Amino acid sequence: MIHMYRLNGYNIVLDAGSGAIHSVDDLAYDIIGMYENTPRDVIARRALGGYTPPGITESDILDTLSEIDGLAAAGKLFSDDAVGEAAAAVLARRESAVKALCLHVSHACNMSCDYCFAGGGRYHGESALMTYETGRRAIDFLVDSSGGARVLDIDFFGGEPLLNWETVKRLVAYARELEVKRNKLFRFTLTTNGVLIDEDVIDFCNREIHNVVLSLDGRPRVHDGRRKFGGGGSYGVILPKIRKFVEARGGRSYYIRGTFTHENTDFTNDITHMADLGFPELAMEPVVAAPGAPGALTEDDLPELYAQYELLALEMLRREREGRGFTFYHYTLDLPGGPCVYKRAAGCGSGSEYLAVTPEGELYPCHQFVGETAYRMGDVWSGVTDARLREAFRSCGIYSRPECRGCWARMYCSGGCAANSYRATGSIEGVHEFGCKLFKKRLECAVMMAVARGSESFGCG
């Protein structure tokens, strides 16, 4: 399968089976479009008829056909998906190891964001803070369940984790003790709304926290319209704190994460606003909301969202040329290398390699399933007790979904988000079509940007 599209003056052809990407001229683009299902003499007549009198000759057409033949023979065009069987084999033999935990150290929040998928940080339950003892047991569970994996990841999450800051610091210290004893290496992430950032948080994060995710939704009116604090907007409260944090961190290992909704489908303006504030590491995610919920995106929003992703890509390229570029999370794919067989098969690893832990120590497939009692998998004392559920997540991916097997973008999405699939279809094996559409547009833009940058890894003409 190939995917062909034109964007920003480039003719781009992506070969789904191999992951090869080609930037071609108009003649090659049109011939590739006819190549599989059209006799060669018909291709030659159509191409010749479509390109004279500008100077295209029959020899040009034959040379182009020969080049396409060579790419097809090399497995870089019209290739079979040779990964399917290998991916199935990887899934069958990989060890059942847990490599990452999302520790919900706080089911409480000091803000009231009206689009919060977690129901104000409480996950539709009671406010709660994780005790040190429960967190310590969660870390022990992670180490005991990690098998041969040496690098283990822990994300301190909420609610707002800084509401339980002293416990976070104690848990990091405990994990550091285990590194030598158990021959493990811990990487920590902290996700925060920024309200409680102070000198202690900054200093500790710079010493111990590998990555920090800071929430900011962009322009003041957009941010304040959704992210409430103390009865009003929070932009003026958190911006100075985030600026101080980023400056002290030296621009390393952080990113600013925003959310766009139906009310700001012109989200490129929010991204560039944050870039202009001096934050070059940015992400902006579509809201997670049920149809009809505040700010929920609709099918009618798609044309504008597509246009915004294209506009963002062009703006990023322009700023790069001017020496003031910034990164956007979804445009930083490893396009030349492509994802490995393992990642294609395993996806994000939720429910198998990655688990969420509630303040009470319950285990769920990921943070977006917390509170869905049908998806409770066990607890940190007994471990994973629902083997059936774990196997369902372990085998869930592009090779388990018929809709994904024929999709040109499958090499990079790995089947998408199981939680979004569940919300959209009632099954983790379903397909979240709205999310798929946005992913494909982002991928098209990311590929175009790589082509525009002139990477030697791209192009066949």
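Salt bridges, taken as pairs in which a side-chain nitrogen of Lys or Arg lies within 4 Å of a carboxyl oxygen of Asp or Glu, number 30 in this structure by that rule. The structure is a predicted model, in which local features need pLDDT of at least 70 and side-chain atom pairs count only at pLDDT 80 or more, whereas totals for chains, interfaces and linings use all residues. Residues are numbered from 1 along each chain as its sequence is written, and side-chain values use heavy atoms, with hydrogens and water left out.

One of these salt bridges joins Asp276 to Arg319, with the closest N and O atoms 2.8 Å apart. Because Asp276 belongs to helix H10 (residues 268-276) and Arg319 to helix H11 (residues 302-321), the pair ties together parts that are 43 residues apart in sequence; helices (H or I, at least four residues) and strands (E, at least two) are DSSP runs numbered from the N terminus. The accessibility of the partners was classed by relative accessible area, with buried meaning under 20%, exposed over 50% and partly exposed in between (1.4 Å probe, protein chains only). Asp276 counts as exposed because its relative accessibility is 52%, while Arg319, at 5% relative accessibility, counts as buried.

A further salt bridge is formed by Glu320 and Arg453, whose closest N and O atoms are 2.6 Å apart. Glu320 lies in helix H11 and Arg453 in the segment after helix H17 (433-452), so this pair ties together parts that are 133 residues apart in sequence. Glu320 has a relative accessible area of 30% and is therefore partly exposed, and Arg453, with a relative accessible area of 43%, is partly exposed.

The side chains of Glu322 and Arg324 also meet in a salt bridge, at 2.8 Å from N to O. Arg324 counts as partly exposed at 38% relative accessibility, and Glu322 is partly exposed with a relative accessible area of 43%. Both residues belong to a network of salt bridges that links Asp276, Glu315, Arg318, Arg319, Glu322 and Arg324.

The strands were examined next. An open sheet is formed by eleven strands in the order E14-E13-E12-E9-E8-E7-E4-E15-E16-E17-E18, with mixed pairing, where two strands pair if DSSP finds at least two bridges between them. Its edges are strand E14 (327-328) and strand E18 (383-384), each of which has a single partner strand, so one side of each is left without a neighbour in the sheet. Within this order, strand E9 (residues 211-215) and strand E12 (residues 254-260) run parallel and are joined by four bridges, with Leu214 standing opposite Ile256 in E12.

Another open sheet consists of three strands in the order E1-E2-E3, and its pairing is antiparallel. Strand E1 (2-7) and strand E3 (21-24) stand at the edges with a single partner strand each, so one side of each lacks a neighbour in the sheet. From one strand to the next, the twist averages 20 degrees. Strand E2 (residues 10-15) pairs with E3 in the antiparallel sense over four bridges, and Leu14 stands opposite Ile21 in E3. Helix H1 (residues 26-35) lies across E1, E2 and E3 and runs at about 145 degrees to E1; axes are lines fitted to C-alpha atoms, for helices over the stretch in contact, and angles run from 0 to 180 degrees between N-to-C directions.

Several loop residues were also examined. Val287, in the loop between strand E13 (281-286) and H11, is buried, with a relative accessible area of 11%. Val287 and Tyr115 are 172 residues apart in sequence, yet their C-alpha atoms are 7.2 Å apart in space. With neighbours within four places in sequence left aside, Val287 is in contact (heavy atoms within 4.5 Å) with Tyr115, Thr259, Phe260, Thr261, Gly295, Ala296 and Leu297. Thr358 lies in the loop between strand E15 (354-357) and strand E16 (362-364) and counts as buried at 2% relative accessibility. Leaving aside neighbours within four places in sequence, the contacts of Thr358 are with His104, His107, Met130, Tyr364 and Val370. Leu196, by contrast, counts as partly exposed at 35% relative accessibility, and is placed in the loop between strand E8 (185-192) and helix H7 (199-208).
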